[in-house]
Amino acid sequence: MVVAGWCRFAPVARRRGPSILPRMRPPNGIRALGLGLALVSVVVLPPPPVVHADVRSRVTAYRNPVIPGFHPDPSVVRVGDWFYLVNSSFEMFPGVPIHRSRDLVHWEPLGYVLTRDSQLPLAKAGPSRGIFAPTLRHHDGTFYMVTTNISGGGNFLVTAQDPRGPWSEPIWIRGQGGIDPSLFFDDDGKVYLTSTGGPPDGPSESGIWQSEIDVTTGTSRTAPRLIWKGTGGRYPEGPHLYRKEGRYYLFISEGGTEYGHMVTVARSASPWGPFEACPRNPILTHRNTQLDQPIQGTGHSDLVQDAAGNWWMVFLAFRPVGGWYWHHLGRETFLAPVRWDGQGWPVVNEGLTIAQQMRLPANVRGLPEQTFPVPGIRDDFDSALGPAWNCLRNPVRDNYSTTTRAGWLTLRGTAITMADEASPTFVGRRQEDLRARLATRIDFVPARDGEEAGLVLYREPHHRYEFGVRRVKGRREVFVRQTIGKRVSVVTATAPAPGRGPVVLQIDAEPEEYTLSWGVQPDHLQRLDAAVTRYLSTEVAAGFIGTYVGLFATNPAGGTPTPAAFDWFDYEPRPER
């Protein structure tokens, strides 16, 4: 049996705070179609309501991040009154999440760009490999997304007439290597590809390389040239080329995607340079800020201009915990206003530090506010999985079903476990909030020792916390296993599971600790164990993704697995303290 599609109902907005709304049902005019876990979906949306801009309130303040949780390397484009944004996805499937917005603050998930195995081969993708930074552009009615599969094939682009898909098969780019590819469509019809690498068959000097490209075939029209080496920071990357008032502006990031991250810019009369660096570089950075600064690592930006002529920057950053240098949610998408000074250089947020609570400068008129339906706390699994859910690498479709047992998600474990760099039976969603309640009700009576199923907090194979049900010496029990590095993987708590009925597993997330509780009824839970967030942080676990909370099933002995059925899953954000 297979899950009958990936998109359950109309895309829903990113949550901006706790919700008490009931779970959303598909409104009239919306349908979801799919082919199993191939994750191919077509969503037919009714036209947005006609609302005159002069009667809608305008954005004057907003909260960063605008897309929370693991959403790094943002790239944005405007088409009419809509903004579309993509992020990198690494070893997660489907790949390259895409959102849309009318006001740059409230974002609605549309699904994914890469939804088929043929577009997204991840069998060889280790932790934090796979799909690196994408760029999204629109030209003459066509959307272009260019990115790198670091684990198979290198740089490629796909195209679509509708950002919701379907997207084309990959067009592979063979003439220029590196990562972080970006496209620029010039007024004379030429298309330029910038990236961090030169010819793929030879060594490349560190810096930003560029060639003219044929986007219909992926072939280079010119040999790649090194056009700028940056300002001296390590790892010059994330290039984007723009044209404004007859000048070409090259934005890049330097310092690495960590605490020394920064955005720098240079300009030239020609797309080939020579490039003159901005005298105020870096134009965006939080390096050398105080330990209690709640936002760090600002960089990897993209620019967009709204219909009124205002400029905006989206960029990644992360939120360290407790005033100390560790972060576990991953790199997130942030927003800041941009203006151009009298000398023609960009000024980000008036040169001020990026804040979580942002108020627009007096000289910036915010866009008319448009919100979207907020998702409910509970996923009842009464139809195909929605766009919040991901698998690790290319999933085995027959191991997932929302139809085998109506109203339940059924998982079938295999010999591949959460410790393996493969595709275990796992479906997870991003942890987007430092404080949240994460819970599920599971019906699982393992037939043999070694079978396990339940909740998992996952960062990579050697940094994870499993909280589930298993059988040991013929007896069913609830257990917690904490895996911290390659040398430590220990069951830290167990409790007998009474009878054969379902149990509730709940994780209460706080910035520095997870509390794990269980019981037969959700209103009568008992604490079983606790785990610290730091061991799932980038500073400890390394890598480029953020923490996922997911559902898993394993059957290490092989043979016919005992199905694990999940009645529901709750994700409930809680207010920050």
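These legends go with close-up views of a predicted model.

Residues are numbered from 1 along each chain as its sequence is written. Local features need pLDDT of at least 70 and side-chain atom pairs count only at pLDDT 80 or more, while totals for chains, interfaces and linings use all residues; side-chain values use heavy atoms, without hydrogens and water.

**View 1. Four strands make an open sheet.** The 4 strands follow the order E13-E14-E15-E16, with antiparallel pairing. Strands are DSSP runs (E, at least two residues), numbered from the N terminus; two strands pair if DSSP finds at least two bridges between them. Strand E13 (182-185) and strand E16 (225-228) are the edges, each pairing on one side only.

**View 2. Strands E14 and E15 lie side by side in pairing.** Strand E14 (residues 191-195) and strand E15 (residues 208-212) are joined by 4 bridges and run antiparallel. Thr194 stands opposite Gln210 in E15.

**View 3. Phe467 sits in the largest nonpolar core.** A nonpolar core is a set of buried (under 20% relative accessible area, 1.4 Å probe, protein chains only) Ala, Val, Leu, Ile, Met, Phe, Trp, Tyr and Cys residues joined through side-chain atoms within 4.5 Å. The largest has 40 residues, and Phe467 and Leu551 have the most contacts inside it. Not counting residues up to four places away in sequence, Phe467 touches (heavy atoms within 4.5 Å) residues including Leu455, Val480, Ile507 and Trp518.

View 4. Strand E24 (residues 332-340) gives the most, with 3 residues.

Technical notes. Buried < 20%, exposed > 50% of the residue type's maximum accessible area, 1.4 Å probe, protein only.
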